[in-house]
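User: I am new to reading structures. Could you take a close look at one part of this one, how its strands are arranged, and then tie in what surrounds it?

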Amino acid sequence: MMGDEKKLYIKTYGCQMNVYDSERMAEAMGAQGYVSTDTPEDADMILLNTCHIREKAAEKVYSELGRFKGLKAARPDLKIGVAGCVAQAEGEEIMRRQPLVDLVVGPQSYHRLPTLEARARQGERAIDTDFPEEDKFEVLKTRPKAARGPTAFLTVQEGCDKFCAFCVVPYTRGAEVSRPVARILAEARDLVERGVREITLLGQNVNAYHGAGPDGDWGLARLIWALNDVDGLERIRFTTSHPNDMDDALIAAHGECEKLMPYLHLPVQSGSDRILKRMNRSHTAEQYLRLIERIRQARPDILMSGDFIVGFPEESDQDFEDTMELVRAVNYGQAFSFKYSTRPGTPAAERALVDPAVADARLQRLQALITQQQRAIQDSMVGRDVQVLFEKPGRLPGQMVGKSQYLHAVHVTGGSPKVGEIHRVRIVESGPNSLAGQLLA
Ligand code: SAH
Ligand code: SF4
Ligand code: F3S
């Protein structure tokens with residue numbers, strides 16, 4: 001058996017769902033005798049799980065592929081595959097542009113990866129970017145019961161029907177689909193048995209979740225309440241949410257469900273109603289701010305996170321100032337901001353661009369404001385007690401690192417907490433990217 005063992009190297013780009021998908025692909029190939037490796041040099045198969053969200057993300061794939069030329073020349077048996085959202089968006093073009101590539105597989109057909117690999121071994125250049133009828137999650141259910149770290153992702157919903165004018169996701173991931181409740185609960189229990197203490201529910205529009213339950217469709221709040229009853233599971237998170245799908249039950253859950261963590265990623269993209277409309281976001285800045293007010297009424301200490309795009313076509317100075325104003329009003333504990341990137345095939349791709357120098361300057365100002373807010377909220381944790389789920393040893397001897405309920409990274413030295421344990425920690429210091437604390441109990 002050992003002699004047959006082949007090695008798989010996967011490099012993952014993009015969002016958390018790609019991380020989850022890479023784990024599933026590794027498991028699928030595990031059933032074919034592949035073990036994972038961290039070094040492309042000794043791999044029998046290299047797989048890039050790609051992201052198409054911005055131009056840079058997509059271009060990275062081609063430059064990375066170019067770097068494998070030497071490896072492939074030295075070992076013609078090496079198979080190279082491209083998976084993920086670039087594969088979905090431009091699979092044929094990848095094949096044309098890069099003759100090194102043996103197979104291309106889209107995000108909805110990766111359960112067929114073993115078949116594609118077998119075809120590639122026969123010398124075929126195999127491509128599968130279908131949106132098949134069968135359920136890839138069910139096909140991949142037979143997974144090895146290996147132990148896992150204390151945190152895991154679990155995809156509950158995939159795809160998007162919102163069609164924001166800038167975004168490729170509805171095209172690369174397809175229409176919104178929710179997995180049935182029973183299958184999610186079974187997967188959660190399985191993860192807990194393998195050592196997982198915190199599960200992050202994933203979906204491109206996770207709060208639009210409406211999966212089949214025992215008595216009709218369930219929303220995300222009901223699913224979270226059911227997970228709250230899973231023994232051994234200590235923490236629940238979910239990402240990414242759309243403001244229009246934050247229903248009353250989900251808001252209430254933030255105040256009442258003890259395992260649901262006080263952190264919410266709720267992208268708004270812009271603070272200008274004019275731009276929000278052109279983005280096809282179908283909510284106003286005011287509606288977003290009122291929503292956050294209600295969420296904070298339910299859970300006053302919740303840490304808010306968001307995403308922003310600057311330099312969207314026709315964004316004026318005033319539009320940008322409106323975004324700055326909204327950021328000041330919200331006070332984010334964390335936020336991600338991006339310069340608008342034209343994506344072929346999206347409605348906004350036809351529109352006039354903002355001067356790139358202007359967009360760069362706006363991005364810098366926005367990022368400075370966000371950093372200042374992040375830092376202030378982090379600094380305000382000093383002297384407070386938080387609950388830390390320990391994930392791994394730190395860089396210094398005797399140091400352990402974990403996450404607080406607010407998703408802040410916390411370093412603790414001394415007291416030897418174990419991976420997977422949750423302890424009360426007093427925060428004593430705030431650094432650029434993490435907090436330091438003392439173990440209390
Ligand atoms: N499903 C999530 C996010 C998808 S992509 C949601 O609806 O919020 C993650 C982030 O990338 C988006 O929130 C947006 O801020 C950014 N993004 C998406 N398309 C982009 C583009 N064309 N240019 C720049 N940033 C973009
Ligand atoms: Fe993209 Fe908008 Fe859908 Fe989010 S809601 S995935 S930004 S189209
Ligand atoms: Fe990127 Fe696809 Fe995720 S485009 S952000 S990998 S859904």
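Predicted model: local features only at pLDDT ≥ 70, side-chain atom pairs only at ≥ 80, totals over all residues.

**Strands and their surroundings**

Strand β17 covers residues 385–393, strand β20 covers residues 422–430, and the two are antiparallel, with 5 bridges between them. One residue pair to find on screen is D385 with its bridge partner in β20, R426.

Take the pairing of β7 with β10 (residues 198–202). These strands run parallel and are joined by 5 bridges. T151 has E198 as its bridge partner in β10.

Next comes strand β15, residues 303–310. Is this strand enclosed or open to the outside? Count the buried residues: 8 of the 8, so β15 is largely enclosed by the rest of the structure. Check the two faces in turn. In a regular strand, side chains alternate between the two faces of the sheet. One side of β15 carries L303, S305, D307 and I309. The other carries M304, G306, F308 and V310. Residues on both sides are all buried, which leaves both faces covered.

β15 also has partner strands. Strand β14 (residues 263–265) runs parallel to β15, and 3 bridges join them. Y263 stands opposite L303 in this pairing. Strand β16 (residues 334–339) is parallel to β15 as well, over 6 bridges. There, I309 has F338 as its bridge partner.

For contrast, pick a residue in a helix. Q364 sits in helix α14, residues 356–379. Its relative accessibility is 62%; a residue over 50% is exposed, so Q364 counts as exposed. The C-alpha atoms of Q364 and K339 are 9.9 Å from each other, although 25 residues separate the two along the chain.

Finally, the ligands. Ligand 2 is surrounded by C160, K162, F163, C164, F166, C167, V169, P170, N205, H242 and R281. That shell divides into 7 nonpolar, 2 polar and 2 charged residues. One of the residues around ligand 2 is C167. Its relative accessibility is 14%, so C167 counts as buried.

Around ligand 3 lie C15, N18, T50, C51, H52, I53, C85, R173 and Q204. By class, this shell holds 4 nonpolar, 4 polar and 1 charged residues. C51 belongs to the ligand 3 shell. At 12% relative accessibility, C51 is buried because the limit for that class is under 20%.

How many disulfides does a search of the whole structure find? The count is 0.

Note on methods:
Residues numbered from 1 in each chain as written. Chains lettered and ligands numbered in written order. Heavy atoms only, no water. Helix = DSSP H or I, 4+ residues; strand = E, 2+ residues; numbered from the N terminus. Buried < 20%, exposed > 50% of the residue type's maximum accessible area, 1.4 Å probe, protein only. Near = heavy atom within 4 Å. Nonpolar A, V, L, I, M, F, W, Y, C, P; charged D, E, K, R; others polar. Disulfide = S-S within 2.5 Å. Pairing = 2+ DSSP bridges.
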